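Open the structure in your viewer and keep the selection tool at hand.

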Amino acid sequence: AQSVSQHNHHVILSEAASLELGCNYSYGGTVNLFWYVQYPGQHLQLLLKYFSGDPLVKGIKGFEAEFIKSKFSFNLRKPSVQWSDTAEYFCAVKQYNNNDMRFGAGTRLTVKP
Amino acid sequence: KAGVTQTPRYLIKTRGQQVTLSCSPISGHRSVSWYQQTPGQGLQFLFEYFSETQRNKGNFPGRFSGRQFSNSRSEMNVSTLELGDSALYLCASGLAGSNEQFFGPGTRLTVL
């Protein structure tokens, strides 16, 4: 069965530090990949997505992610985090043309001012 | 354009009762998916509806059911509530043929 693993449960960084959150998935077919963010008290928002093409995708708020097919990975990065990036981040994978989206367990990011 | 709306936002029920949650998708979106979010299990896919038909279903017991109306609005029903059904229930909508989903704010269900 398709599964998604996020390596870090809770990450604590200081402002201006660089961020990398890991995400691996198990499905071997054509997949669509997503990173969602959930700010405290708010609903899930799409950060970025990968469907095809350039494996390095850029999203909102300075986030980017790289799809490495050979490693079944889609890691999220940001060169310099801000206090306002404090949130929970979810990696999600769905099979192409199937809306059964599988989410990772989430990574809680705390950015200290 | 209005986003996905879910009603009610908060709900308290007791064990054994049933509950119906409602989701109104973004105008023009015909696909509606439901998810359960809990601290222990994270986000889990419940089911997806498209044009009033259930297209996909997750691994939840038959107590969880749903339906979609001709205007694409969807309802989710949980019968014989258990304590473990306490969760945030999220609805997401998407365009036909699109792989992107937009999430609503969720309904927080508490079962006492």
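Start by selecting A:Cys23, which is buried because its relative accessibility is 0%, and the cut-off for buried is under 20%. The model on your screen is predicted. A:Cys23 belongs to strand E4 of chain A, a strand that covers residues 23-25.

Now show what surrounds A:Cys23, ignoring neighbours within four places in sequence. Its contacts include A:Val4, A:Ser5 and A:His7. Further along the chain, A:Trp35 and A:Cys91 are also in contact with A:Cys23. So that you can find the rest, select A:Phe72, A:Ser73, A:Phe74 and A:Asn75, which are among the contacts too.

The C-alpha atom of A:Phe103 is 10 Å from that of A:Cys23, although the two residues are 80 apart along the chain.

Leave this site and turn to the salt bridges. How many salt bridges are there over all chains? The count is 10.

Select A:Arg77 and A:Glu64 for one of them: the closest N and O atoms of this pair are 3.5 Å apart. Is A:Glu64 buried or exposed? A:Glu64 counts as buried, because its relative accessibility is 18% and the limit is under 20%. A:Arg77 has a relative accessible area of 23%, so it is partly exposed.

A:Glu66 is partly exposed, because its relative accessible area is 30%.

Salt bridges with shared partners join A:Lys58, A:Glu64, A:Glu66 and A:Arg77 into one network.

For the last stop, select A:Asp85 and A:Lys78. Their side chains meet in a salt bridge, at 2.9 Å from N to O. Both A:Asp85 and A:Lys78 are buried.

Note on methods: Residues numbered from 1 in each chain as written. Chains lettered and ligands numbered in written order. Predicted model: local features only at pLDDT ≥ 70, side-chain atom pairs only at ≥ 80, totals over all residues. Heavy atoms only, no water. Helix = DSSP H or I, 4+ residues; strand = E, 2+ residues; numbered from the N terminus. Buried < 20%, exposed > 50% of the residue type's maximum accessible area, 1.4 Å probe, protein only. Contact = heavy atoms within 4.5 Å. Salt bridge = Lys/Arg side-chain N within 4 Å of Asp/Glu carboxyl O.
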